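Colleague: Could you walk me through this model before I set anything up with it? I'd like to start with the overall fold.

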Amino acid sequence: MNGLIEGYLGVSAEGKKSKLPAKLDYWQSATGLFLGLFMWGHMLFVSTILISKDFMYMITKIFEGSFIFGDEGKPIIVGILAFFIFFIFIVHAMLALRKFPSNYQQYKILKTHTIALKHDDTKLWFIQAFTGFAMFFLGSVHLYIIMSSPEKIGPYASADRIVSDFMWPLYILLLLAVELHGSIGLYRLAVKWGWFDGKDARQTRIKLKKAKWAATIFFLLLGFASLAAYIKIGIEHKDNYGERYKPESHVSYIMKKNTQTKGILS
Ligand code: HEM
């Protein structure tokens, strides 16, 4: 009955407004924060290819749990991680959908206010909404591929996917969307919840905005440099598509040593 009253009148039988919108807002921020920080880590791991193929190979194997399961690792661990990230990604997108203008009139009001206010942060909201919408599609393709074939990650496997499986156009768009969306999102969270508010909120906001641009530029440069490195490897490896990378002897030595130590300890 209470639900029915609230459904028709917008307030409960006791005349109170629901706390649900505030709770949904909280969860939108929490999932956004998690995804934003995850993406920073993700870009650093993907960029290990800039150091060497061996280093990228070693990081991949660590994620596959090679320190527990030995040299081969268990790619299913990465599959489960991707499934979990995909779940959070969907929840975040669902919660964000509430904020999209749902008809032309709402859109027009928003647009008019943005022009009239000349407010930078309101313009940022538009970029946030647009890149978020693009990621519905671009992010889903990437996550589904990683989730369904987690064993195909590595210096050659990733480069083959980018060049021979023609994933590079999608990655260029996804990279632009995710880096703009992520850094704007983290900036907006800091402003919204007042995380770094000192005595002078205006000054804090100016500093946060600078940090936001620094993060966007840094991760875009890192992302495009990594993509270029994978493309170079993918072109060189085109004729041997599907062949897996074999690490240089010292990396396999380190990994074997770890497995042996684990064997002695257990
Ligand atoms: C557990 C989840 C994830 C895993 C294991 C993962 C893994 C990878 C790997 C291995 C690459 C290198 C290219 C390849 O092998 O295809 C890559 C690239 C990329 N991923 Fe992910 N990814 C995950 C989640 C995400 C999410 C949620 C996003 C954004 C929505 C994302 C955006 C990107 C972008 C933009 C690139 C290209 C990077 C560059 O150009 O430097 N990834 N990812």
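Colleague: In what order do the elements of the protein chain run from the N terminus on?

Modeller: This is a predicted model, and in it the elements run α-α-α-α-α-α-α-α-α-α-α from the N terminus on, which comes to 11 helices and 0 strands in the protein chain. The C-alpha trace spans about 70 × 45 × 40 Å along its principal axes, and buried residues make up 23% of the 266 residues.

Colleague: And what share of the contacts with a separation of 6 or more comes from residues 24 or more positions apart?

Modeller: For the protein chain that share is 77%. Leu44 is found in helix H2 and counts as partly exposed because 13 other C-beta atoms lie within 10 Å.

Colleague: Where is confidence lowest, and where is it highest?

Modeller: The mean pLDDT of the protein chain is 90, with 92% of the residues at 70 or more. Confidence is lowest in helix H11, residues 249-265, at a mean of 58, whereas H8 has the highest, at 98. Where pLDDT is low, the predicted coordinates should not be read in detail.

Colleague: Okay, on to the ligand. How many residues surround it, and which are the closest?

Modeller: There are 24 residues around the ligand, and the closest are Gly139, Ser158, Gly223, Ser226 and Leu227. By class, this shell has 17 nonpolar, 6 polar and 1 charged residues.

Colleague: Which helices each supply at least two residues of that shell?

Modeller: Those are helix H2 (20-46), helix H5 (76-97), helix H7 (120-148), helix H8 (155-163), helix H9 (168-193) and helix H10 (201-236).

Colleague: At what angle do H8 and H10 pack?

Modeller: Their angle is about 90 degrees, with the axes 8 Å apart, so H8 is roughly perpendicular to H10. On the H8 side the residues are Pro155, Ser158, Ala159, Asp160, Ile162 and Val163, and they meet Tyr230, Ile231, Ile233, Gly234 and Ile235 in H10. By class, the contact of H8 with H10 has 8 nonpolar, 2 polar and 1 charged residues.

Colleague: What about His142, which residues is it in contact with once you leave aside its neighbours within four places in sequence?

Modeller: With those neighbours left aside, His142 is in contact with Leu170 and Leu174. His142 has its place in helix H7, and it counts as partly exposed because it has 18 C-beta neighbours inside 10 Å. His142 and Tyr171 are 29 residues apart in sequence, with a C-alpha to C-alpha distance of 8.4 Å.

Colleague: Last topic, backbone geometry: which residues other than glycine have a positive phi?

Modeller: Two to look at are Lys118, with a positive phi of about 50 degrees, and Phe166, whose positive phi is near 60 degrees. As background, most residues other than glycine have a negative phi. Lys118 is found in the loop between helix H6 (104-117) and H7, while Phe166 is found in the loop between H8 and H9.

Colleague: Does Lys118 count as buried or exposed, and what about Phe166?

Modeller: Lys118 counts as exposed because it has 8 C-beta neighbours inside 10 Å, and Phe166 counts as exposed with 9 C-beta neighbours inside 10 Å.

Note on methods
Residues are numbered from 1 along each chain as its sequence is written. This is a predicted model: local features need pLDDT of at least 70, side-chain atom pairs count only at pLDDT 80 or more; totals for chains, interfaces and linings use all residues. A residue is near a molecule or strand if its C-beta atom, placed from the backbone, lies within 6 Å of it. Helices (H or I, at least four residues) and strands (E, at least two) are DSSP runs, numbered from the N terminus. Ala, Val, Leu, Ile, Met, Phe, Trp, Tyr, Cys and Pro count as nonpolar, Asp, Glu, Lys and Arg as charged, and the others, Gly among them, as polar. A residue is buried if 20 or more other C-beta atoms lie within 10 Å of its own, exposed if 12 or fewer, and partly exposed in between; C-beta atoms are placed from the backbone. Two residues are in contact if their C-beta atoms, placed from the backbone, lie within 7 Å. pLDDT is the predictor's confidence in each residue, from 0 to 100. Axes are lines fitted to C-alpha atoms, for helices over the stretch in contact, and angles run from 0 to 180 degrees between N-to-C directions. Angles under 35 degrees count as roughly parallel, over 145 as roughly antiparallel, 65 to 115 as roughly perpendicular and the rest as oblique.
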